[in-house]
Amino acid sequence: MPQFHRIPENDEWWGEGFTEWTNVRKAKPLFKGHVQPIVPGELGYYDLLDEQVYAAQARMAQKHGIEGFCYWHYWFGNGKRILEKPFNKVLETGKPDFPFCLCWANQSWTGVWHGAPGRVLMEQTYNGDEDMRAHFAFLAEAFRDPRYITFNGRPVFPIYGVRDLPDPPAYILALRNLAVEHGFPGLHIIGMANSDADKLLTCCDQVMPFGPGDYLEHRPLGLLKRVLRRLACTSQADWLSDFLRKAMNAPIHYPFRDVVDQAFKDLPASPDYIPCVTTGWDNTPRSKRRGVVFEGYSPELLGEYVRKAVLRNRQVGSDNFIFFKAWNEWAEGNILEPETRFGLRPLEAVAAALKD
């Protein structure tokens, strides 16, 4: 997650100096037993434009068995990128010497989780062949980096919203053709989806269900409340929005124990599907009472979760990827970096599980 440095757009939208840390710092407990704020540990409230932060993150990850970072990448069309400076530094300096890949976060930015429902901040657009070629020219620069993660020689390229692409099979085929034009043997496309994931395999090499949706979308008791909460966020009628928000007077919360118990149960026994470990979840720093909380998170449960992912890969007979969501999405309580409650224990639990 790159949103740990100032950019003009965030200054304009949310106030001068806004970063991911802004919401993290002002978080408050919203129900009995709710643990907030979560305070960063030894890395502190860092600025991702500081190259020493990258180095510390990479050392910490590598020491605990993590083999690479997947960086969110934003290309909104017509050459518009955002939050690009941290990765530009990684590319330009060759540091840290740690494997990486890019994941295209191809969604419009809205203000729905920051108190501005219905407001489109930055629209994701697709502007034809010329723009696609410009996008790929940038990607090719990253793909050629010796640190870039490949699968059978092909650069690994996850796409967040495959279904949002115009004519996904044709669009992805065009990307593959551009890869060959640029001298690559092709692309390894990973589609991210929690429902009808098998349909993505018609155009993607693998599919990755990802948290927290992989758990939430199978929780029927919370469905009505989530629908009402989304209406509260998006309704254009002030009276309806106010009524629904008052009715939804606390975040939805689920036990992390249940998240771990349910993990990968709905994942087909095939190497075409990649397990993704959700490293906790509490997005109330962003979305306040409209949020979702996984209660009872602990390093021990995280270690159990990782063991399930490793075992699942062994059972399908594949030395497959395991992704973590996420390394540092602090305003969603979705982190592996040290925080003051547990320090390095979550990373140590990951390392032990991978070693086992």
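There are 16 salt bridges in this structure, counting a side-chain nitrogen of Lys or Arg within 4 Å of a carboxyl oxygen of Asp or Glu. The model is predicted, so local features need pLDDT of at least 70 and side-chain atom pairs pLDDT 80 or more, while totals for chains, interfaces and linings use all residues. Numbering runs from 1 along each chain as its sequence is written, and side-chain values use heavy atoms, leaving out hydrogens and water.

**Overall picture**
- The protein has 13 helices and 14 strands, taken as DSSP runs numbered from the N terminus (helices: H or I, at least four residues; strands: E, at least two).
- Of the 356 residues, 55% are buried (under 20% relative accessible area; exposed is over 50%, partly exposed in between; 1.4 Å probe, protein chains only).

- Lys 89 and Glu 51 pair up at 3.4 Å, N to O.
- Lys 89 sits in helix 4 (residues 85–93) and Glu 51 in helix 3 (residues 51–63), so this pair ties together parts 38 residues apart in sequence.
- Lys 89 is partly exposed at 23% relative accessible area, and so is Glu 51 at 35%.
- Arg 176 meets Asp 205 at 3.0 Å, N to O.
- That pair links helix 6 (residues 168–181) to the loop between strand 7 (188–192) and strand 8 (206–208), 29 residues apart.
- Asp 205 is partly exposed, at 23%.

**A buried pair**
- Arg 286 and Glu 332 have their closest N and O atoms 2.6 Å apart.
- Arg 286 counts as buried at 16% relative accessibility, and Glu 332 does too at 12%.
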